[in-house]
Every structure is written in structure tokens, then in C-alpha cells.
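Student: I've got a protein to look at and a few things I'd like to ask. Can we go through it together?

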Amino acid sequence: MPIKDQIKNLAKKFVEDHPDAATLRALVRARKPTAIRFQDDGIVPNNPHFPVLLYRGAVNLKTRRFAPEVIIDTLFDRHGWGRSWRDTVYDFVHYHSQIHEVMGVARGMARIECGGIKGRILSVKAGDVLVLPAGTGHRLIESSRDFLVVGAYPQEGTYDECTDTRERPDASKRVAKVRKPKTDPVLGAGGPLLKSWRIKPSRS
């Protein structure tokens, strides 16, 4: 999301009651994510090294003490994924060529297309977390009225938004240079993202 949306969310976070570290640990379920790889489809570059990760039911949101979006936002922030926003997902194909993105479903349910129009439609619901490596095309197909996502980004990287197919050649070069994040947004420094996102050596 644009910087203005991130600033708007930052203002909210200053006045909210956040769960402490112990409470967060109790709300997070150690799930093994599903890894899904997408190839460059000629329109969207996707990522040549890292797969999309889908954590099903990663966060227990059935608590009345904290709002679901606050729990997910705090979780991401604690693991070094910041510049967060809270909203829906754009309904047109787009991707980020210089940064990875995580999206946690706080409320409702939706069907999100990943990998571009030749990719795959994933059904997600509250408590699910989707990690999109740089270059991954995505868009909202349909959602419930109460659908709400918390999005965030790792410390390294610059936010951009690519939609024009003419951008793909240069965007592909930028995508290949985006480094692996230092932490898993759901499970931290020891999370499965760090093992799953390994650059495979090229065959000679």
C-alpha cells in the first residue's frame, strides 16, 4: 500500500492495546506452510528463487481482549516486518519488484489470485497468512464484506507497485536482486521461511 496508508495505520497503532510477547506466543500456531512456485508468465515475473508461502490457521484470533487486526499487526512487527497497512487487496494484477510482502487475514474470507492470470486462486480466511516474495503477481477475485487484511514488509527493500507489462524486463532484474528476509513474519528467526527460501545452485 502507498506510504499514506502506512502512516494512517501507524497513527492507529499508537493508541491501541497490544498483546505482549507471551500472549502472542500463545496465539500463534506452529504450522508448516504450503510452498507454491510460480514461473515468469511473460506478463508477471513472479520470483525465480522463492515460493509463495501459505500458512493455514497460523494465528488464533478467537480472543475478545484484542482485535484480530491488532494481533496480526503486532505479530508481524515483533518479527521485523513493518510499514504495515490494514485494508483489502487490490482487484487488479500487481506486484512489488523491490520488496517481499506478507498478508495476514484478520477478518472474513476471500479468493486471491497469485502468480498472475496464469497462476492459481487461493482461498483464505481469518487466521491465514500469505507470504509473497518480490515479483509475485496478485489480485483479489472475491471476498466477504468484512474481509480485512494486515499487510507488512521486511526491513530491507523499497516499496513499489508494478502493473504495466512494459515494466516486466526491468522489474525482473530488480526482483532477482531482492534478498531473503532475516526473519519469518509468523514464527520469527527460527521460522520455516528461512529454510524454504533458499536459492538453489544453478546447474552447469
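Student: Is Ser 84 buried or exposed?
Tutor: This is a predicted model, where local features need pLDDT of at least 70, side-chain atom pairs count only at pLDDT 80 or more, and totals for chains, interfaces and linings use all residues. Residues are numbered from 1 along each chain as its sequence is written, and side-chain values use heavy atoms, leaving out hydrogens and water. Buried means under 20% relative accessible area, exposed over 50%, and partly exposed in between (1.4 Å probe, protein chains only). Ser 84 comes out at 3% relative accessibility, so it's buried.

Student: Which side chain does the Ser 84 side chain join in a polar contact?
Tutor: A polar contact is a pair of N or O atoms within 3.5 Å; within protein, one must be able to donate a hydrogen and the other to accept it, and residues adjacent in sequence count only if both atoms are side-chain atoms. Here the distance is 2.8 Å, and the partner of Ser 84 is Asp 73.

Student: What is the phi of Asn 46?
Tutor: Most residues other than glycine have a negative phi. Asn 46 isn't a glycine, yet its phi is positive, at about 55°.

Student: How many residues does the largest nonpolar core have?
Tutor: A nonpolar core is a set of buried Ala, Val, Leu, Ile, Met, Phe, Trp, Tyr and Cys residues joined through side-chain atoms within 4.5 Å. Tyr 55, Phe 76, Val 129 and Val 131 have the most contacts inside the largest one. Its residue count is 26.
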